[in-house]
Amino acid sequence: MLKIYNSLGRQKQDFVPLRPGEVRMYVCGMTVYDLCHLGHGRVMVVFDVVRRWLRASGYRVTYVRNITDIDDKIIRRAAENGESIGQLTARFIRYMEEDAAALDVEKPDHEPRATQFVAQMVDMIGALERHGLAYSSADGDVNFAVRKFPRYGMLSGKSLDELRAGERVEVDASKQDPLDFVLWKRSKPHEPSWASPWGRGRPGWHIECSAMGCALLGSHFDIHGGGEDLQFPHHENEIAQSEGASGVKFVNYWMHNGFVRVDEEKMSKSLGNFFTIREILRQFDPEVVRFFILRAHYRSPLNYSDAHLQDAKAALTRLYTALKGVPLSVALPDWSELHAARFRDAMDDDFGTPEAIAVLFDLANEVNRGRSELAPLLRALGGTLGVLQRDAQAFLRAGPGDAMDDAEIELRIARRAAMKQRKDYAAADAEREALEAAGIVLEDGPSSTTWRRK
């Protein structure tokens, strides 16, 4: 049985969907004012694999991942660039979609934008006001009254007094309590705004996900995911808003992926230590980056370095080498086979991709020992993680844009063959070494020479 580590209970729990055979899942997406960095890429890949495994387990999955397209950072960046908010967000949504496609992240079933759901946010804020959980402040904002929601802190596991002392709580004289958070922001001159019972303004960040999740998946659904940094205050606030408005439990299972770290610090734009997906893909194959992400358990920190990515490339190369000459197929895994059963057990234990990948290496070793009948299973199991779906030779020969092209490599291999034919072995060895220095590995066979990139 699938077990999921539920942040709400701080333990692994058996997964029992609300509706038999169906899973409804919401994941917090991107705020589109800049290029996606590897931390964003990790969120996309992790929950893409969660969705793929749920489907492989026989569930019908409805997956929602939102886009925040109105926010203080967006307004500020558009003003700095001298462009409209629509122009800015459209451009970065396009870049985000290109990055996701490069990493073989399947599109969600729904990808709502905050600006498309303002009416639902206004309705939810109105319900909170009627229930005595929201109030208008002197500055024209509408805030959530945290101390009037008795279960506040259930996700973070902290008391209100502990949260009150936290560094992330902003002090605002217009709030009844420093823990209170904004639901509706009164508009400033020249800022985008919408009509509401409280005057023209725009929604606060936290209310967006509550409104979009409930609108598309219902007031009570199965899984809500996102990065570890969202657990407090964003997801804590989502619970308070959603349950305060509807009166029913919001989400059964909360999943949070760990940080990407650089030099023992969280990768983030605020720290300036981030690497965009596009920067990384100029040097590494997208499938290598995806594989690098999956080699760590989703709840563990992911330590970024070129050396770790090179190691991931070498590891993925070993798997693809076992698939040389194996035709592409869409065969489903035989879950009764020993390796497949171990793989399934690993994935059913809170999506244990490191252990599942270890099974792939065991399979590759068996294939290399001559058990070629296991190669389709290796490819099929890899497919549930979104890897090993390319022609092996195409992967092994893929390189960055500035790499030596295939035609030149073939020409130099032919030149080396001519050197060997005339018994100029020193020159042939020098050509091999030159190609090796350029990242090209030659493999001499009985009748021909093949090649791959390091």
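Residues are numbered from 1 along each chain as its sequence is written. Because the model is predicted, local features need pLDDT of at least 70, side-chain atom pairs count only at pLDDT 80 or more, and totals for chains, interfaces and linings use all residues, while side-chain values use heavy atoms, with hydrogens and water left out.

**The chain as a whole**

- The chain has 16 helices and 15 strands; these are DSSP runs numbered from the N terminus, with helices being H or I of at least four residues and strands being E of at least two.
- The C-alpha trace spans about 90 × 55 × 35 Å along its principal axes.
- Of the 454 residues in the chain, 52% are buried (buried means under 20% relative accessible area, exposed over 50%, and partly exposed in between, with a 1.4 Å probe and protein chains only).
- Take the contacts between residues at least 6 apart in sequence: 72% of them join residues at least 24 apart (contact means heavy atoms within 4.5 Å).

**Two hairpins**

- Strand β1 (residues 3-6) and strand β2 (residues 11-14) pair in the antiparallel sense over 4 bridges (two strands pair if DSSP finds at least two bridges between them).
- A hairpin is formed by β1 and β2, with 4 residues between them, and Arg10 in the turn has a positive phi of about 55°.
- Ile440 has Arg453 of β15 as its bridge partner, and the hairpin from β14 to β15 runs through 4 residues.

- An open sheet of 4 strands has the order β5-β6-β7-β8, with antiparallel pairing.
- The edges are held by β5 (134-136) and β8 (201-203), each with a single partner strand, so one side of each has no neighbour in the sheet.
- On average, neighbouring strands of this sheet are turned by 25° against each other, direction ignored (axes are lines fitted to C-alpha atoms, for helices over the stretch in contact, and angles run from 0 to 180 degrees between N-to-C directions).
- Strand β7 (residues 181-186) pairs with β8 in the antiparallel sense over 3 bridges, and Lys185 has Arg202 in β8 as its bridge partner.
- Helix α4 (residues 118-130) packs on this sheet, where it touches β5, β6 (142-144), β7 and β8, and the direction of α4 makes about 120° with that of β7.

**A three-stranded sheet**

- Another open sheet has 3 strands in the order β12-β11-β13, and its pairing is mixed.
- Here β12 and β13 are the edge strands, each with a single partner, so one side of each is left without a neighbour in the sheet.
- Strand β11 (residues 260-262) is joined to β12 by 2 bridges, and the two run antiparallel; Arg261 stands opposite Lys266 in β12.

**Helices that pack together**

- The axes of α12 (residues 353-368) and α13 (residues 375-383) come within 9 Å and cross at roughly 160°.
- The helices α12 and α13 are therefore roughly antiparallel to each other (under 35 degrees counts as roughly parallel, over 145 as roughly antiparallel, 65 to 115 as roughly perpendicular and the rest as oblique).
- Residues making this contact include Leu360 and Leu363 of α12 and Leu377 and Leu378 of α13.
- By class, the contact of α12 with α13 has 8 nonpolar, 1 polar and no charged residues (Ala, Val, Leu, Ile, Met, Phe, Trp, Tyr, Cys and Pro count as nonpolar, Asp, Glu, Lys and Arg as charged, and the others, Gly among them, as polar).
- Helix α9 (residues 286-294) is mostly covered, with 8 of its 9 residues buried; among them are Phe291 and Phe292.
- The cover over the buried residues of α9 includes α1 (38-56), α10 (306-321) and α12.

- Asp99 is found in helix α3 (residues 85-102) and, at 3% relative accessibility, counts as buried.
- Leaving aside neighbours within four places in sequence, Asp99 is in contact with Cys36, Ile277 and Arg278.
- Phe275 lies in the loop between β12 (265-266) and α8 and, at 32% relative accessibility, counts as partly exposed.
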